[in-house]
Amino acid sequence: MLTIQDLHVYYGRIHALKGISLEVRAGEIVALIGSNGAGKTTTLAALSGLLRPRSGVIYFEDKNITHLPVHQIVRLGVVHCPEGRQVFARLSVAENLQLAGAHRSERAARMRDLQRVYELFPILAQRRNQYAGTLSGGEQQMLAIGRALMSGPRLLLLDEPSLGLAPMIVESIFRVIEALRCDGVTVLLVEQNAYRALQLADRAYVLETGCIKIHGPARELMDNSAVRAAYLGG
Amino acid sequence: MFTPSYLAQQIVNALNMGSIYALVAIGLTVVYGILRLINFAHGDMMTVGAYVALAVLTSLALPAWAALVIPIFVVAAVGVLIERFAYRPLRGAPEVAMLITSLAVSSLIENGALMTLTAQPRPVRLPAELTQRVDVLGINIAVMDAVIVVLALVLMVGLSLFVRYTAIGIAMRACSENVRVTQLMGVDVNRVIATAFAISAGLAAVAGVLWSGKFGLVDPFMGFVPGLKAFVAAVIGGIGNIAGAMLGGYLLGFAEVFFVAFMPSEISGYRDAFVFALLLVVLLLRPTGLLGAHEASRA
Amino acid sequence: MKRFLPFLWMAAVMGTAGLAQVLLNDYYQRVLAVLAINVILAVSLNLTNGFSGDFSLGPAAFMAIGAYTSAILTLPAQTKAIALPDLPPWLGQIALPFPVATLLGCVLAGLVAFVVGLPVLRLRGHYLAVATLGLMVILQVVALNWQALTRGARGISGLPPFTNLLWAYGWMLITVLVIWRIVYSPLGRAMMAVREDELAAACRGVRVFRTRLFAFVTSAIFTSVAGALWAHLITAITPSSFSFLLTFNVVAMVVIGGMGSISGSVLGAALMTLLPELLRRVETALAIGGQPLYGLSQVVVAVLMLAVMLFRPQGLMGQREIGDVIALLLRRDRPTQPVAPVGEARRTA
């Protein structure tokens with residue numbers, strides 16, 4: 001579904017991504033793990049169009065999306081749920097969701113997805129008319145994911161959904177991600193919580209200072225001694 | 001000297017000036033909210049609107065109300081063009097760069113008008129219905145005065161509803177919080193920004209037409225000082241906040257008119273100094289304004 | 001020998017100025033004087049806007065202070081008795097020599113800049129710009145209304161024409177020299193550090209506020225010199241001489257020349273002095289319907305500024321000085337400029 005070939009991304013003079021290549025197949029959950037500053041968020045930003053790579057190609061369902069504008073990439077089905085929640089604090093929960101679905105033309109599909117979001121996150125239904133800024137961290141993360149779902153994703157890019165959240169909430173969110181797989185959504189998950197990510201994912205890539213160090217089935221990586229030492233606490 | 005009818009007339013004046021300032025301030029604040037740009041060329045949208053209205057009025061072939069409607073569309077188009085060619089290429093540039101560009105655009109419009117239309121102020125002859133005087137609630141005012149206030153209120157209410165309930169309005173509010181994330185929602189941010197400029201310029205055009213109607217004159221530099229004062233109004237109310245712009249506009253209108261009305265004549269000449277001293281005070285003591293809660297990085 | 005090079009340059013400039021004063025006709029002398037004044041204005045503004053990173057729209061205000069102060073001080077007592085009868089006697093009776101009057105103007109401008117700078121420099125970016133603009137308006141209104149001091153809208157005329165090329169270029173050299181020494185000194189580097197990253201500079205021990213205030217006050221002082229020179233060149237000043245148009249043109253000089261390059265400001269000033277002269281002929285020649293195209297030169301300036309902002313935001317010289325450019329052309333090694341040009345902070349997102 002998604003193929004990245006030899007992607008180089010720069011921040012000014014800083015070479016953030018040094019020729020990475022990766023693949024995500026339809027229906028998978030792929031994890032991208034690595035420490036802070038490794039380039040995980042940069043990768044997602046390049047995928048969603050927020051950053052322009054200097055060289056390399058990105059194919060989504062055989063279409064070259066490397067230089068498309070952000071909103072067009074979203075409309076093709078690649079939806080980026082950014083790190084740090086970043087919900088619109090001065091809009092209500094419902095307005096946040098409505099905005100994300102606004103670019104879709106079929107009303108029925110939108111309504112259906114809205115129902116699905118309220119099903120997955122009942123608390124959002126309760127708080128639908130509250131300002132998003134008044135929600136707790138976990139609720140905001142749910143809203144962020146709900147928003148991403150409202151855009152009708154075929155490939156969902158999730159950036160650090162567990163960051164700063166209590167373990168129980170993290171569990172419920174990971175359960176939701178699992179449920180999304182059953183809904184037919186492919187997921188590329190960037191996570192600092194390597195253990196949970198590897199438990200959930202089918203395959204994983206390990207990113208270190210802009211390069212892919214190892215990749216393979218998640219189970220194998222969990223057993224890999226180098227990975228264990230670096231990211232899983234030995 | 002301070003008779004009730006004098007007071008009443010001053011209140012009417014204050015309402016008029018406040019209405020005009022509010023219309024202009026809203027446009028400024030909407031653009032600032034989304035782009036963090038202080039658009040110095042905004043006041044000149046008033047000027048362009050007033051000239052277009054004048055052209056319509058003197059052409060005689062069009063009905064009088066067209067003098068209000070046509071400028072809105074023309075100036076909105078001008079605003080969109082300016083955004084597309086002068087401001088969009090600089091998105092992401094340091095804020096001072098955008099300020100300089102807006103200064104240049106402003107100078108271009110003013111001096112372009114000077115060059116082609118000359119500095120000679122042109123009189124505006126209002127249709128008779130507007131210059132008549134009527135009694136409203138016991139006060140004798142010109143119809144024009146009432147039109148200004150009513151029209152401004154209608155537009156402001158309309159805009160508030162628009163921003164609150166329409167999809168584009170919600171997108172505009174989202175953009176003023178975070179443009180990048182709004183893009184991630186699949187929103188074509190360029191279109192939203194263009195709409196914001198169109199609305200903002202359109203409101204300024206109305207303000208310009210009303211101003212020229214009230215003061216009876218049009219000249220290339222007429223929008224410059226009101227544009228600056230509208231910025232003061234927006235800052236007082238809280239820059240980036242539409243309700244703040246409305247509040248600030250009326251507060252400034254009242255402050256200005258009452259300053260002139262009730263100060264001795266040696267002092268009343270300092271009216272503009274008073275307005276800008278107000279600006280300095282607000283910027284230094286409460287930069288977020290009365291209703292605003294925007295960036296914390298100003299100090 | 002190398003150490004004396006600057007002095008040789010200065011002597012050359014002054015010598016040329018003296019010759020020009022004797023040989024050229026009034027028109028050319030006037031243009032050259034305006035050029036020197038513009039250089040002073042541009043280089044001073046660049047100190048705050050370019051090197052210190054504080055975008056000020058205040059030049060007109062400080063120029064007005066310099067102009068009015070020096071005018072009131074140099075105007076002969078008899079003239080003052082008629083034109084400004086309400087002046088307090090100690091002002092009404094003195095008539096000071098030109099340099100003294102100019103210096104007193106500097107002192108006043110410096111004081112005002114200091115007092116205003118203390119609160120206003122707490123602002124940054126475009127808020128600071130607007131605050132300085134507000135200052136300009138306030139001063140203009142004061143000049144218009146304080147009839148006893150300034151004669152309001154009628155202005156002060158009949159000023160002794162003290163400004164000649166020697167004075168103009170003398171002050172210009174002083175300005176450029178002083179500002180050059182400031183900028184290319186540890187203090188100047190501190191300013192540039194503040195411009196690039198205030199927090200980092202503070203962490204390195206830079207007294208951020210003091211540095212910015214120093215730049216602001218110094219800039220005001222030299223701007224007021226320009227005002228005094230201007231007043232005694234044109235011999236008549238009104239509040240509207242020091243309007244936003246003036247500020248805009250000085251900003252144009254600095255932007256087009258390059259914010260962060262003293263040579264750039266000189267170039268910008270030269271450009272902005274010569275352009276209106278050239279275009280003046282065109283304005284009258286290209287009359288539309290019998291009316292000369294007034295405003296054409298301003299339109300051209302605005303278009304130039306837009307072109308610079310859109311296509312070459314660092315201006316003509318960026319942050320390089322003429323010495324660096326020459327060295328570059330001669331392929332010699334120079335100590336590198338540590339910071340990226342102002343306009344390159346754009347992201348690709």
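Let's start with two helices of chain B, α2 (residues 42-59) and α3 (residues 66-87). In this predicted model, they pack at an angle of about 140°, and their axes are 8 Å apart. That angle makes α2(B) oblique to α3(B). The crossing is right-handed.

Who sits in that contact? From α2(B), we have B:M45, B:V48, B:G49, B:V52, B:A53, B:V56 and B:L57. On the α3(B) side, the partners include B:A66, B:L68, B:I70, B:P71, B:V74, B:V75 and B:V78. By class, the contact of α2(B) with α3(B) counts 14 nonpolar residues, two polar and no charged.

B:V75 leads us to the core. The largest nonpolar core has 293 residues. B:V75 is among those with the most contacts inside this core, along with A:L189, B:I26, B:V232 and C:I40. Which helix gives the most to this core? Helix α1 of chain B, residues 4-35, with 17 residues.

Take B:I26 next. Leave aside its neighbours within four places in sequence. B:I26 is then in contact with B:M156, B:L159, B:L203, B:I242, B:A245 and B:M246.

Last stop, the contact between chains C and B. Chain C puts in 41 residues, chain B 39. The largest share, 13 residues, comes from α7(C). What is the makeup of this side of chain C? It divides into 29 nonpolar, eight polar and four charged residues.

Terms used. Residues numbered from 1 in each chain as written. Chains lettered and ligands numbered in written order. Predicted model: local features only at pLDDT ≥ 70, side-chain atom pairs only at ≥ 80, totals over all residues. Contact = placed C-beta atoms within 7 Å. Helix = DSSP H or I, 4+ residues; strand = E, 2+ residues; numbered from the N terminus. Nonpolar A, V, L, I, M, F, W, Y, C, P; charged D, E, K, R; others polar. Axes fitted to C-alpha atoms, helices over the stretch in contact; angles between N-to-C directions. Parallel < 35°, antiparallel > 145°, perpendicular 65-115°, else oblique. Left-handed = near helix turned anticlockwise from the far one by under 90°. Core = buried A, V, L, I, M, F, W, Y, C linked by C-beta atoms within 7 Å. Buried ≥ 20, exposed ≤ 12 C-beta atoms within 10 Å, placed from the backbone.
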